[in-house]
Amino acid sequence: MKRKIRNIFLAISLSICISCESDPGPSALEGLTFILAFINTIGNYVPPSVCVDPNQTVPLSVNSPVTFSGGSLEFSPYYIYDPGSNPLNYEFTLSADYPSCAVRLVIFSCTSPNNALLEASNATVSCDSGSYSTHVSNGTQSCSIPSFANNKVILFMNKYGSSFPNPCDTVTFKTVP
């Protein structure tokens, strides 16, 4: 579904670019900027139903790594994990081609009421190196999100980044105790 939506917006963006003159006016550029920003937000969209519908998620277990390699990271499935009363603790490992490649780790907490989704941010995630949005090249960063205790956690990864179109060679995510 996400690919269909993304492809529709990419087609619209391409149409706008093709119809622009060699020196597009400010309104054409503003329109293109808006569409590209909207496409970027779709990459972070997670429907609230993933918190309650097991058919939309893949369960994660402690110390069971999820690895994408060889540029296979297009869109990952939604993973679900319940840290219980503990903070969400995880390790994120990237290959040496980072930061010249694109990867995005997105983590949400299913909070009450109505399983509203709360996205992690640099302010809520504590890492031993790097940050939630700035990772470690050719190494592993260990991170913790104390505020995500007592809630199911939804996460996914994709290859899209703001500067580089190519996915990283190897991406690994693992929940830890």
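A disulfide is taken here as a pair of cysteine sulfur atoms within 2.5 Å. The model is predicted, so local features need a pLDDT of at least 70 and side-chain atom pairs count only at pLDDT 80 or more, whereas totals for chains, interfaces and linings use all residues. Residues are numbered from 1 along each chain as its sequence is written, and side-chain values use heavy atoms, with hydrogens and water left out.

**View A. The disulfide between Cys101 and Cys168.** The structure holds 3 disulfides, and in the one shown here the sulfur atoms of Cys101 and Cys168 are 2.0 Å apart. The torsion about the S-S bond is about 85 degrees, so this link is right-handed. Cys101 sits in the loop between S4 and S5, and Cys168 in the loop between strand S9 (152-158) and S10, so the pair ties together parts that are 67 residues apart in sequence; helices (H or I, at least four residues) and strands (E, at least two) are DSSP runs, numbered from the N terminus. Cys101 is buried at a relative accessible area of 5%, and Cys168 is buried at 2%, where buried means under 20% relative accessible area, exposed over 50%, and partly exposed in between (1.4 Å probe, protein chains only).

**View B. The disulfide between Cys51 and Cys110.** The sulfur atoms of Cys51 and Cys110 lie 2.0 Å apart, and with -85 degrees about the S-S bond the link is left-handed. Distant parts of the chain are linked by this pair, as Cys51 belongs to the loop between helix H2 (26-42) and strand S1 (57-59) while Cys110 belongs to strand S5 (residues 104-111), 59 residues apart. Both Cys51 and Cys110 are buried.

**View C. The disulfide between Cys127 and Cys143.** Cys127 is joined to Cys143 with an S to S distance of 2.1 Å, and the torsion about the S-S bond is about 105 degrees, so the disulfide is right-handed. The pair links distant parts of the chain, with Cys127 in strand S7 (residues 126-127) and Cys143 in strand S8 (residues 139-145), 16 residues apart. Cys127 is buried, as is Cys143. When bonded cysteines are counted along the chain, the disulfides of the protein chain follow the pattern 1-3, 2-6, 4-5.

**View D. The salt bridge between Lys174 and Glu91.** The structure holds 1 salt bridge, a term that requires a side-chain nitrogen of Lys or Arg within 4 Å of a carboxyl oxygen of Asp or Glu. The side chains of Lys174 and Glu91 meet at 3.6 Å, N to O. Lys174 lies in strand S10 (residues 170-175) and Glu91 in strand S4 (residues 88-94), so the pair ties together parts that are 83 residues apart in sequence. Lys174 is partly exposed, with a relative accessible area of 22%, and Glu91 is partly exposed, with 23%.

**View E. The aromatic pairs.** Rings of Phe, Tyr and Trp (its six-membered ring) pair if their centres lie within 6.5 Å, and planes under 30 degrees apart count as stacked, over 60 as edge-to-face and the rest as tilted. By this rule the count comes to 2 aromatic pairs. Tyr78 and Phe156 form an edge-to-face pair, 5.5 Å centre to centre with 85 degrees between the planes. This pair links distant parts of the chain, Tyr78 being in strand S3 (residues 78-81) and Phe156 in strand S9, 78 residues apart, and both residues are buried. The rings of Tyr90 and Phe173 have their centres 5.1 Å apart and their planes at 25 degrees, so this pair is stacked. Tyr90 in strand S4 and Phe173 in strand S10 are 83 residues apart, and the pair links distant parts of the chain.
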